[in-house]
2 protein chains.
Amino acid sequence: MTNSCKVHSPATIANLVCGFDILGMALHEPFDIMELVLLDEPKIIIRNKDNFNLPTDPEKNVAGVVLLSIMERMGNRIGFELEMEKHIKPGSGIGSSAASAAGAAVAANHLLGNIFSDHELVQFAMNGEKLASGVKHADNISPCILGGISLIRSIHPLDIVSITVPDLFVTVIHPQIEIKTSYARQILRQQVSLKDAIRQWGNIAGLVAGLLQNDPDLIGRSMEDVIIEPVRSILIPGFDELKIKTKEAGALGGGISGSGPSIFMLSKEKQTAIGVESVMKEVYDKIGIDYRTYVTTINKKGVEVIA
Amino acid sequence: MTNSCKVHSPATIANLVCGFDILGMALHEPFDIMELVLLDEPKIIIRNKDNFNLPTDPEKNVAGVVLLSIMERMGNRIGFELEMEKHIKPGSGIGSSAASAAGAAVAANHLLGNIFSDHELVQFAMNGEKLASGVKHADNISPCILGGISLIRSIHPLDIVSITVPDLFVTVIHPQIEIKTSYARQILRQQVSLKDAIRQWGNIAGLVAGLLQNDPDLIGRSMEDVIIEPVRSILIPGFDELKIKTKEAGALGGGISGSGPSIFMLSKEKQTAIGVESVMKEVYDKIGIDYRTYVTTINKKGVEVIA
């Protein structure tokens, strides 16, 4: 049993357009780097090596509350010292809080001799999501820990299904505007028409079938959201134009990542994904909003212990 | 090109519990027997060899309107003579009208030298569903023609996805009570809560994943319907008791077939499916409602030309 380790904890895309609150996918980039040391006394020390000025009080830190819950489970016999180097900007909509929470859970488990199951790690890490957004959701946490694409069939009881992942390229743009997850949740209508719900579950079934049957075109045409996207996309300038133009550039489909503002598009070929990136940049250059882009692939491993 | 043929057109189970209006599955039993003769003049003659007293006026007959639409597409140069021997009782909820419509379409296509695609056959056959229920739905028609399980991702445009089918046993009970499809549709709430919709699409995603990953337990626990079943099951005496007791007897899961009154349950083993049948019989013997039961398997072929 070593007493320190380093992990890479990846960005994730929740919802995958039509799968609101039930689907999530891990990316290779960007990722956070976290170093965790096991202490023999019950305290949590957090140090930031980035410029995001996140709280270092463990009760107010996403990774901190996860480590506290693990410390408590261990009968308060141990503690942790954490050094955070976040590269996933908080509020980007690509699972920044999930990366902190999942990375802390996996690193702690590694130092404790892998005594917890993946299922338990997801449960621990959900405490971080609860702190970040007020809701214990697993659609970023689960793919962050397990890699690939996770289906959260049910939260109570927690039922996670790993979906076999085809080799696709992902282009992500993070326009530098702020959308609070809580606000993005609050503006959703709490009632939906049965007609729209049926259309949505046809698409979800199509997406899952497309992923498992490795049918990129079916994946693309199933990435249609008639319930959440029409409301949330209003908060993201240039959204409609970007979606139309990236599809013209060959993207299969895509949409808002999590609650935004990041937008992702899937492509079959790397060259297409790079072309999609150019189109995304053009749209936001014209609007005059700063951005960050990534061209990456689906991460099948999830949080990785690298040292 | 022969000028007469005989087909077996199978019963189908629409919805598969959580997949309202988007999923359907073909069965080996029961099935209708239809004999079709190609005529060289534009007329449709229908004869019934069963005791259901269905209309023989082609405009008022489910198979008749399908044959009329094909006759019209052929420029009214040909006609058909149909002999119907229905074994799937109209109003049973196991796709009686779909069997008539799909069987007529496939038989006609066979006599015409298979000039129409499966997609076109589904379109022709949907005219029969329109006559039967007022709605052009494909969730019985499509599996009846294609076999196995069909996902109707979208009706406009028609997008049908065949889902690979695991080897499972199906027990069906048809309590001899009448539920009009139109009434079963009318009593549904037209608005659903976002919370219920999310739970439902988690189950649909789980069901599709379970089918494609051949995970019977996932199939079973995904067969939960929080939107349609709570309303429609009120129309079926004994429904809740039957569901609980058949699960105790080892069934994976199941529920209302189409809009009812038939109920189906899936099992991994034939012996379990037979035990489930006994339990179903006990429930309805106690209530004192007549019934018909079937223990069968998933039909991977759909309508079959047998002569």
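Predicted model: local features only at pLDDT ≥ 70, side-chain atom pairs only at ≥ 80, totals over all residues.

Visitor: What makes strand β7 (residues 169-175) of chain B and β11(B) a pair?

Guide: Two strands pair if DSSP finds at least two bridges between them. Seven bridges join β7(B) to β11(B), running antiparallel, so they count as a pair. In one of the bridges, His174(B) has Arg292(B) of β11(B) as its partner.

Guide: As for labels, residues are numbered from 1 along each chain as its sequence is written, and chains are lettered from A and ligands numbered from 1 in the order in which they are written.

Visitor: Why are β9 (253-256) and β11 (291-297) of chain B said to stand at the edges?

Guide: The open sheet has four strands in the order β9-β10-β7-β11 (chain B), with antiparallel pairing. β9(B) and β11(B) each have a single partner strand, so one side of each has no neighbour in the sheet. From one strand to the next, the twist averages 15 degrees.

Visitor: And how is helix α10 (residues 270-287) of chain B placed on β7, β10 (263-267) and β11 of chain B?

Guide: α10(B) lies across those strands and runs at about 15 degrees to β7(B). Axes here are lines fitted to C-alpha atoms (for helices over the stretch in contact), and angles go from 0 to 180 degrees between N-to-C directions. "In contact" means that C-beta atoms, placed from the backbone, lie within 7 Å.

Visitor: How do you know how the two copies are related?

Guide: Chain A can be laid on chain B by a turn of 180 degrees and a shift of 0.0 Å along the axis, with an RMSD of 0.0 Å. The two copies are thus related as by a two-fold rotation axis. The same surface serves both, since 100% of the contact residues of chain A recur in chain B.

Visitor: Which residues are involved where chain A touches chain B?

Guide: 34 residues of chain A are in contact with 34 residues of chain B. On the chain A side, the largest share, 13 residues, comes from α6(A). By class that side has 18 nonpolar, 11 polar and five charged residues. Nonpolar means Ala, Val, Leu, Ile, Met, Phe, Trp, Tyr, Cys and Pro; charged means Asp, Glu, Lys and Arg; the others, Gly among them, are polar.

Visitor: What makes β8(A) and strand β8 (residues 191-193) of chain B partners?

Guide: Three bridges join them, and they run antiparallel. Val192(A) stands opposite Val192(B).

Visitor: How confident is the predictor in chain A?

Guide: pLDDT is its confidence in each residue, from 0 to 100. Chain A has a mean of 96, and 100% of its residues reach 70 or more. The model scores ipTM 0.95 and pTM 0.96.

Methods. Least-squares fit on C-alpha atoms with pLDDT ≥ 70 in both. Contact = placed C-beta atoms within 7 Å. Helix = DSSP H or I, 4+ residues; strand = E, 2+ residues; numbered from the N terminus.
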